[in-house]
Amino acid sequence: MEDVPKMTTDSPRYAQLCESLAGSDSDLNVFPFDLSSYKHISIDPFATEELSSSQLSDIQHNISLCRDIIVFFTSAGNASGYGGHTGGAYDTVPEVVLYDAFFRACPDKFIPIFYDEA
């Protein structure tokens with residue numbers, strides 16, 4: 001496996017990353033995702049037999065947002081020479097998003113803690 005050089009502000013990789021974020025911030029001091037777009041939905045798993053189209057759409061949005069952020073941080077680590085993989089974190093996003101909706105709907109029926117699968 002080849003060693004990935006660490007990214008510095010004078011490297012071609014840094015210039016390419018800046019170009020891909022053109023218009024957001026020349027010093028890369030911005031987070032390229034709008035976390036306020038995460039949908040705070042509530043689903044009672046004990047009473048809901050079928051998701052509405054709105055609930056399904058919101059769940060799909062949250063899954064995409066979370067997965068995009070995981071890929072962003074993984075690629076940023078790789079570009080910095082630290083490598084990594086999305087692995088379990090990427091794979092468990094649908095469950096985490098659903099559990100979050102369950103926790104919001106029935107806080108008295110769950111202990112709202114997310115555990116890593118490891």
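A: By the ring rule used here, the count comes to 8 aromatic pairs, where rings of Phe, Tyr and Trp (its six-membered ring) pair if their centres lie within 6.5 Å, and planes under 30 degrees apart count as stacked, over 60 as edge-to-face and the rest as tilted. One of them joins Y99 and F102, an edge-to-face pair at 6.3 Å centre to centre with 65° between the planes. Before going on: this is a predicted model, so local features need pLDDT of at least 70 and side-chain atom pairs count only at pLDDT 80 or more, while totals for chains, interfaces and linings use all residues. Residues are numbered from 1 along each chain as its sequence is written, and side-chain values use heavy atoms, with hydrogens and water left out.

Back to the rings. Y99 and F102 both belong to helix 4 (residues 93–105) and sit 3 residues apart, about one turn of the helix; helices here are DSSP runs of H or I with at least four residues, numbered from the N terminus. Y99 also pairs with F103, and that pair is stacked, at 6.4 Å centre to centre and 10° between the planes. These two are 4 residues apart in helix 4, so about one helical turn separates them. If you wonder about the two numbers per pair, a pair of aromatic rings is described by the distance of the centres and the angle of the planes.

How covered are these residues? Y99 is partly exposed, at 40% relative accessible area. F102 counts as buried at 17%, and F103 is buried too, at 12%. For the cut-offs, buried means under 20% relative accessible area, exposed over 50%, and partly exposed in between (1.4 Å probe, protein chains only). Zooming out a bit, F46, Y99, F102, F103, F110 and F114 form one aromatic cluster.

The structure holds 1 salt bridge, meaning a side-chain nitrogen of Lys or Arg within 4 Å of a carboxyl oxygen of Asp or Glu. Here the side chains of R104 and D100 meet at 3.1 Å, N to O. Both are in helix 4, 4 residues apart, about one turn of the helix. R104 is partly exposed at 35%, whereas D100 is buried at 14%.

Over in helix 2 (residues 53–79) you'll find F73, which is partly exposed at 48%.

A polar atom of the Q55 side chain lies 2.9 Å from the backbone nitrogen of S52.

Last, the cysteines. With a disulfide taken as a pair of cysteine sulfur atoms within 2.5 Å, the count comes to 0 disulfides. C66 is partly exposed at 24%, while C106 is buried at 4%.

Methods. A polar contact is a pair of N or O atoms within 3.5 Å; within protein, one must be able to donate a hydrogen and the other to accept it, and residues adjacent in sequence count only if both atoms are side-chain atoms.
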